[in-house]
Amino acid sequence: MAASKNHGQLVTHAHILLLGFVVSFIYALCHKLWLHNGTSTLALIQFYLHQIGILLLTAGLFLLYGQLINPETIDPLLALASISVFISLILMLLLFIKQSVRT
């Protein structure tokens with residue numbers, strides 16, 4: 001973006017970095033350090049829900065900020081993707097609650 005002086009995809013770039021990498025990395029650390037049920041059904045649902053949500057969110061933002069699609073058309077997809085990422089956060093919290101009840 002700096003070389004081309006085109007910052008039109010700044011929002012997309014930030015979401016890819018923060019949600020796609022940083023949050024995924026934090027989830028991975030949480031599983032490695034504190035959660036020991038990484039293959040449970042709930043953990044797998046949480047993982048796939050987050051990854052699918054991020055994929056849809058970044059694709060939708062790319063289309064929106066690249067002005068390739070109308071905002072009215074892409075808004076439902078972005079809303080669904082955002083809800084998916086939020087639900088995966090709630091599921092991560094549930095995984096921590098289940099782990100703390102066991103110990």
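**Basis.** I worked with a predicted model, in which local features need pLDDT of at least 70 and side-chain atom pairs count only at pLDDT 80 or more, while totals for chains, interfaces and linings use all residues. Residues are numbered from 1 along each chain as its sequence is written, and side-chain values use heavy atoms, with hydrogens and water left out.

**Helices α1 and α2.** I noted that helices are DSSP runs of H or I with at least four residues, numbered from the N terminus. I looked up how helix α1 (residues 10-33) and helix α2 (residues 41-65) are placed: their axes come within 9 Å and cross at roughly 170 degrees. Axes are lines fitted to C-alpha atoms over the stretch in contact, and angles run from 0 to 180 degrees between N-to-C directions. The helices α1 and α2 are therefore roughly antiparallel, a term for angles over 145 degrees. Contact means heavy atoms within 4.5 Å. Among the residues that make this contact are His 15, Leu 19 and Tyr 27 of α1, and Gln 46, His 50 and Leu 57 of α2.

**Helix α3.** I found 32 residues in α3 and a reach of 46 Å from its first C-alpha to its last, close to the 46 Å expected at 1.5 Å a residue. The expected span is 1.5 Å times one less than the number of residues. Its buried residues (under 20% relative accessible area, 1.4 Å probe, protein chains only) include Ile 74, Ser 84 and Leu 91, and the buried residues of α3 pack against α1 and α2.

**Cores.** A nonpolar core joins buried Ala, Val, Leu, Ile, Met, Phe, Trp, Tyr and Cys residues through side-chain atoms within 4.5 Å. The largest has 6 residues: Leu 57, Leu 61, Leu 64, Ile 74, Leu 78 and Ala 81. I saw that α2 and α3 each supply at least two residues of this core. A second, separate core of 5 residues includes Tyr 27 and Met 92.

**Single residues.** Ser 88 of α3 is buried at 0% relative accessible area. Beyond four places in sequence, Ser 88 touches Tyr 27, Gln 46, Leu 49 and His 50. Gln 99 is buried at 14%.

How values were computed
Buried means under 20% relative accessible area, exposed over 50%, partly exposed in between (1.4 Å probe, protein chains only). Angles under 35 degrees count as roughly parallel, over 145 as roughly antiparallel, 65 to 115 as roughly perpendicular and the rest as oblique.
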